[in-house]
Every structure is written in C-alpha cells, then in structure tokens.
Amino acid sequence: MDRPNTSAQRPENASVSWKMQYEDDLAEFAEALASSRFWFIVPEGQDDLAAASVLFDTETGFLYPGPKVLNEFFRDYPFLYLKSTHDEYLATLHTSTKLLWNDEASDKDYTVTKAKSHLREARYAGLSGWRLPTKNQLQSFATAPYNPHRKGREYWLAKRDGDETFRWLVAGGSCDVDAGCWTIESTSQGKIFACHLQWAESGEAKVLADIVQFDLQLVTPDGKNKFPDQHDERWRRLELESLLGQLIRDGAQLFSMHSKQRIDTKQLDVMQTIINLDHTPCRLPSLDSLQLTDPHKGLWELWGEDDDFLRRFGWVARDPARDLRDQVVAIDFGTTSTVVAVENVHGQRELLRIGVRDFFVEPQPQHFENPTVIECLDFDAFWSAWTSRAHRPALDWDHMRAAHEAQASWRDNPGDVRVLARILPRLKQWALRHEQTGPLCLTDQQGKEIELPPHTERNPVRGQMLSVSPDTPFDPIELYAWYLGMVINWRERGLYLRYVLSFPVKYPRQVKDRMLASFRRGLLRSLPETLVRYHPKVLNEFSVEELASEPAAYAASALPYLEIEPTEEGMPYAVFDFGGGTTDFDFGLYRWATPKEEDEGYERVFEHMATGGDNFLGGETLIEHLVYRVFQHNLDELRRHRIQFTKPLDAPTFPGSEAFLAPTQAAQTNTVSLAAELRPFFESENRPTLGQIQMDLLDINGQKRPCEFNVPDDELEEFLFERIGGGVRAFLHQIARLLTKFPTGTPIHVLLAGNASRGRHIKALFFEESSDGLIKEIFADHAPEFPVHPPLPMDVGNPHAPTAKTGVALGLLALVPGEGVKVVSAVHQANDGEAPFGWFVGRIRRGRLNPVLTPNVPYGEWHELGPLQQGNFALYVTQSPRAQHGMKPGDTELIKYAKRFPAASPQARLYACATAPGKVKLAAATNRDGAAGSGITEELEL
C-alpha cells in the first residue's frame, strides 16, 4: 500500500497537520489490515513472499514462522504427515512435488471406474477433489527416498492395514510398481492411494496460510519434529498504533497473498517522513533526533500543532519567525550554472551548493557553480505533489531532481538518448526560446512526453498566500528556483525574505519580468507554510528584485579582489563577460564618493557609462552552432537514416532544411547528443582534431540509427574565431566610442568574466599577437593602456573566493543598499530599467548595410531610413557587430523585411524609432517632425 496523497484529499492548499496525517495513516493502516486475514512480514527492500520470515494472523493476533522457515523445513524432510492439532493423521505431503497422498481406501480392490466414482464422493483431510494419480506421479511418489509408506520389495507400498502390495491404481488402470515393471493393465483391479493437487502449484506462503487457517500441523514421520512448532502471542493485545509502531521499528513490510496488497509501513511512518523532510525532496542531510526533541531546536513544520500530539512523541515545535534573517541573498541565474551567495550573521559571504549527492563532501570551488539543469524521472508523481500544496510540497528527488546530480546523469550516460530525453539543460535559454520558436519537450523514465508550455509572467500577489492546482502551468524556472530556495532556507541556515538577481545586459524587460515572477513563486514556495500562515505579514516583506547587470556585479567583485583602488576622477574599467548563453559588456568608472555621496552614506561608486553585448554569443550557443554546421556537412548521412535536428535561435535556415529541422523530442535529443561529442572542440585549451564521429541518433520514428559523421575541423575553428572575434571587435569599438568620457591618460582595466573566457579563442584574441592587430585596427595610433585581467581563478584554499563565475553573485552582495557602494547608471535611468536597444537597422547603400538605428540608440527618437519607392522599402536588420563595417545582402546574419505602405504619398520617406530592445516603430511621413503623428505606422518585432 503506497502512502495516500492526503493533501490532495483536503481542501486546496490546506495546512499540513501532522496529527491529521498521522490519524489518516492509522485509518489507512486499519482499513488495509482488515482486507485480509493473513499478512506476511517481509524485510524492507524485499518484494518476494518467499522471503517472509513471519506470518501474522490478524484474527488471532498470533505470529507464526513464515514461508522462508517452512521452505527450510521442506528441504530437510522429503515426506511429512499432515495432522490435525489433535494428532489425527490426515494425509502425507511429498514436499518436492507438494502433492498430498491418502491411503484410506487402500484396503479394497477397485476397478478404475469404481475408484473414480468412489473418490468423487470421498472427503479426506477435509478436502474433496481427490483423484487417482498419473503413472508418473505414482512413480515419483513410490520411488522417492525415505517414503514412509514403502514396505517390502521395491517399490511396494503399504496398505492401511499395514500389509504391502504391488498393484496400485493410476488414471489409466492398474499399475505394477514392482522394480523393473511399472506396467499398466486397463482391465485389472488395484488399491487406491489417492492424491490431491491442493498445494501442487502453490508456494510455501499458501501452504502456510492453509495450515494456520485450518488448524493443521506438518509432522515428520518419526514424530520428533513438527511445523509450526510454536506461535508468538506478543502482538495479540497490541493497539493499532502500537502495532504500526512495532512494524515501523522492525523495518517490516506486509504482503497479503489473497488481496495481492502491500503495506509499506515506511510510507506510513510520520517519524521517518519528518526525519527526511529535507532529504527526500532535495537531498539535504536527514534530521537527527535532537532536531525534533531538543527544546532549543525543534521544527518549523510542527509550529501550531496539537500539544497533546507533540507530547505523545516528545517533539518540539519551533516558531519559524525566530529564524528570519535580515541578510540579502544574491542569485546569478546563468545559462549553464547558477551561483547563490548569502551573507551570514557575521558578515561573511558564503556560496551554496545545490543538489549535490553528498553535502558532507569537502567543498570545492566548482561545487558552487550549480548546473542550471533539471531531470524529470516521473512527471506524474512529481506533478501530483507539486500541485497539491503551495509551500514546501512533498516532492521526491527520485521523481524530479536538479543541479549537480541532474548534470551527473547527463555526463555519466553519454549517448544514452533515454537519459538525454529526460533532462532539460539551459533553463535560461528556454525562456528566450519561446520568443521565436516552438515549445520544447521532455520524456520521463516512464515514457511520458511533456510539452513545456510557453514561459509566461505569473507574479504572486504581494501580501497574499500562493495557491496552486493541477491547472497551473508547469514552469521549470519556478521549480529550479524552489530547489535553490530549499537550500537557501535550510533550517541550519535560517529563512530569507530578500533576494536580488542579475541579468544579462541585453535581456528585454519583459523577459526579465517573466524570470523574476518565476523566481518569486519558486522562492516563496520554499518558505515553510507555518511561516506564512501564522505570520502573514512576512508576505509584505518578501521581495525578489533585479539589482544589477551581470558584468556590473562582476566588476564590483573583481576590482576589489584585484586590489584595484578607486580614484577621485574614476578608474575606467570594461567588463567582457563571455558566459554560456550571452556575452555582456559593461563600461564604467570606479571612483571614490563625492562629499555629497559620502553624506548619503556611500564610500565607493560604480558609475556606468555604457552597456552592450550579444544575446547569442555564448559558449552553449556556439556549441549549438558547431552541431548545426556538422549536421549540414553530413546531410547525405542524415537523409539516408531520416535524422532530424534543431536550429540555433540565431542561425539561418539552408536549402531543403524543412526536411531536417523539427521541434520534436527526437530532434532535440540528436542535437544534445552531438553537442556532447563536440563540446571538447570548443572547450579544449589546445584545438583537438575530431575527423570523424560515430554515434547513435534517433530517426523520425524514434529508432536508434548508427551514424558516422565527417567533422570539418578547420571550418569549425574558423567559425569560432570569426564569431568570437566579432564580439571582441564590437567590445573594443564600444571602448573607442567612450574614450572621450574616460579620464585622459588613465589605463582602462579590462576584466574578462564568464567561464567561456577561459578558452583558447579568448586567450588568442586578448593576449597573443592577434590582439595587437585588433587594437591597431580599431584605435590606430591612439590606443590607451589596456591592462587585461584574466578570469578570476578558482582558489582551492578558499572556495568562497570570487571566480570568473561566482564573482557575479558575490558582487551583487557588495551592491546591496546599505553596503556603502553606490551604483550610478545613466543607461538604466534613461531606459527606465529596460535593456538598451540591441539591433542595427537600416538599408543597403552602395552594396552594403548602412545602419541608421544602432545599439543603445535612445528610445522614442525618430531617424530617417530613406525614401519610399512607390510605397515600398527594403529594410535590413542584424544584431551582428560586423554591421559597423558593412554587411552585404545575402549575409546569413542579415535579415531583410520587404515593407509596404500603399497609403503613403509619393514624397513620403520612411522613419523609425526604437521602442524596446527588439522592437521598432516605422512611420511613413514627408519629414521627421511628421513621423510621430503619422497615421501610416507599423510596429515591427525584430
């Protein structure tokens, strides 16, 4: 019997009462126990009745030796007498065949016909249905060693009166059992040694149940041993509660042979459930007994519980409000990994590990880069628990898991498409993917396919308790935030109400708002229900907000760590944050506070001058492009096996691509599988040579097909250098445009951030001779001094020190209001918190793109694109930094829109203004002043 989902039987989002659950469990136990008289007690982890060492008779309360003991008894004694408890002989059991034999009609001779008629009426040992044996059955019985009925010559049998004879009836006639004979005469008469199939097809459990039910015993022919030889009455007078407790302490499961039911007492163990409150859902350490019984500890979950119930178990309840912390939690939600930083009561900044297999393992710096991954093993079981209770639902790590252990499943099973199909990596990119492409799918271990709904903004109502239902859309980011929250709000750490997040520079406001809403729901759901139920005012104090961009937070951590001090004028810095999903730029001055700012309590100031970046220049995105290129290079192989794959968000299609690109689970799995093979090509310090790859992929019917791919190594390396080099070139160009805003003659500290910045391509572009050529190209002879600081390394001696990845979360803590660090951002204020415009928009002039709108252009400003030709205009857009140097029509990164304004006058020209990071408004008007009021407009989502 599996534990009932009691929360689902109560009103939606009802409070968890441990007393109610305990009473429900007792009632469920009583109902199950009453469904069968006999229960076999099997050790935990066993499912075979043959392993049962004890039989429990609920009618008498007696315990008997179980099937396991009976089986041993059978092995020791080939023949046993079946007797009543008054020592009356009833039959003989041949233990190897489990046939019962009876000789009550052996003193007379019968024909076969009369014998069968006689047996139809006979009732021996309380049983009807006796029959004549077959020849083989009789031969097996008569020739078996130690047969107590054998007498005289081989293989004569004794009659009831004690005399022996060789002529015995079988189903086909009279059989001569004399040694060497065994002939059958159909017309002859013989004696009856009847047999019965009562237990012939039964296991020892059925034999045992019948013996107990009908008050029987099995006795050795010499009378010295019997089964059962005893019974245990210690459970006879136990109350139901005591009986359940005893079974739980014994680690016993109950199996009913008749109802085929199982009672897993472990699932009915409230104590065990409480001990594993943290371990079962997210593998935090199990609770010890002191946590439940020490008056200075206690459990949040028991707060408000019935006092008599608590006294019965000696448990201590703890008011969760006692453990509220004033500190802020910083979360860097990354494409490949997420970092969580908290400040303890002593002001020390710590990093947290999420979803590790063993929290007692000595921390290593890499442990704090928590993979942004979830793994779905049993979606229906997970969903039932997830939607039955809003706060701290009773999830099971074996149904859904996240972070390190989910990542380990992926890394430990390379090429296993079934494992890959149940893993959702890069949750952050999933939120972006629905902007332009179809949904993603997961397939759990049970084979259930789950189509992820589009990511939507579902903010909790401030000050109100959350509610959930099965109709709630599944939000993987909300779930991942819940896992983070369960580790953050661990009982050994305390409860936190204030959270700050960082985002890539170029993420649109609507995307950030959706992610913030998901984090608000997930983190709020990680708080104990007793906190929000008994202290509802905390809901007004709970907050999850954006604090700074990722590169800005990194600068706040890296500059002090590198011992770069601020100056009065400001020390210029430029962050190149090359992460898993995006590359972000941040440019600013690190200065001492002005007297006015000091009067406001600030000491240091980060003054942001500009931001920039590329939403699709990230390590994981580049690997997707490598996959895409290798697939295209091997279309004949794919065509032969009918293999499909997926397209990176920013990649162009190719001729005939409609046959190969599909938003299916198989296509997604193929892409992920090949990505695992190509990852070393991107990440290796020295370029590897792949040449050929052999692997299994899924065809359009989901069947595995062995494939062999040729890998164009040189083409892939050229692509990486060109694509990453374009990002570095755009970064340096932006510095060039800012030189007039930086103090003259002051070095500009370049901070390389993000794990992808550790790669060979960045090293070549920033530290080797090729970097001199780039600087010469962009700055000519006026290049400033560029101290380039490599990504902060991991410090094994101090795993909480900032690294290229963890520096963002630690930097966020430094920027929390009240820490004496002020952030001044003209860009943020000008755009009202929205990301800057991120596109080049224009037309083709003299064979190349002439961009009119460029990244960071102020919103709402109208710019002339050019004249309309009979109401038509060829509009070109791109996010590629190569647009600054001219791009030709047909370039794969250049998108063309053929716009038509038939109502425009012959003198009209086309004007455009940026309205959002990826949106422009077009207007046909005769002059710039008339654009804003033009009635001929169109909104264009780029």
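## Strands β30 and β35

Let's start with strand β30 (residues 604–614), which runs parallel to β35 and is joined to it by five bridges. Two strands are said to pair if DSSP finds at least two bridges between them. Across this pairing, Arg 604 sits opposite Val 821 in β35.

A quick note on the model: it is predicted, so local features need pLDDT of at least 70 and side-chain atom pairs count only at pLDDT 80 or more, while totals for chains, interfaces and linings use all residues. Residues are numbered from 1 along each chain as its sequence is written, and side-chain values use heavy atoms, with hydrogens and water left out.

## The six-stranded sheet

β30 and β35 belong to an open sheet of six strands with mixed pairing, in the order β34-β33-β28-β29-β30-β35. The edge strands, pairing on one side only, are β34 (788–789) and β35 (821–825). As a general point, strands of a sheet pair through backbone hydrogen bonds, either parallel or antiparallel.

One of the pairs has Leu 589 with Glu 607 of β30 as its bridge partner. Strand β29 (residues 583–592) has nine of its ten residues buried, so the rest of the structure largely encloses it. Buried here means under 20% relative accessible area, with exposed being over 50% and partly exposed in between (1.4 Å probe, protein chains only).

Next along is strand β28 (residues 571–578), antiparallel to β29 and joined to it by eight bridges. Met 571 faces Tyr 590 in β29. With four residues between them, β28 and β29 make a hairpin.

## Helix α20

Now for a helix. α20 (residues 550–561) has twelve residues, and from its first C-alpha to its last it reaches 17 Å, close to the 16 Å expected at 1.5 Å a residue. That expected span is 1.5 Å times one less than the number of residues.

Because ten of its twelve residues are buried, α20 is largely enclosed by the rest of the structure. Among those buried residues are Glu 550, Pro 551, Tyr 554 and Leu 559. Just after the helix, Glu 563 takes a positive phi of about 60°.

## The four-stranded sheet

Another open sheet has four strands, in the order β38-β41-β42-β43, and its pairing is antiparallel. β38 (863–867) and β43 (937–941) are at the edges with a single partner strand each, so one side of each has no neighbour in the sheet. From one strand to the next, the twist averages 25°.

Strand β42 (residues 919–925) is linked to β43 by five bridges, and the two run antiparallel. Ala 923 has Thr 937 in β43 as its bridge partner.

## The whole chain

Stepping back, the protein chain has 30 helices and 43 strands. Its C-alpha atoms fill a box of roughly 125 × 70 × 55 Å along the principal axes. The chain's radius of gyration is 39 Å, whereas a compact globule of 942 residues would have one near 30 Å. This radius is taken over C-alpha atoms, and the globule rule is 2.2 Å times the number of residues to the power 0.38.

Of the 942 residues, 57% count as buried. Among contacts between residues at least 6 apart in sequence, 66% join residues at least 24 apart, where contact means heavy atoms within 4.5 Å.

Definitions and conventions: Axes fitted to C-alpha atoms, helices over the stretch in contact; angles between N-to-C directions.
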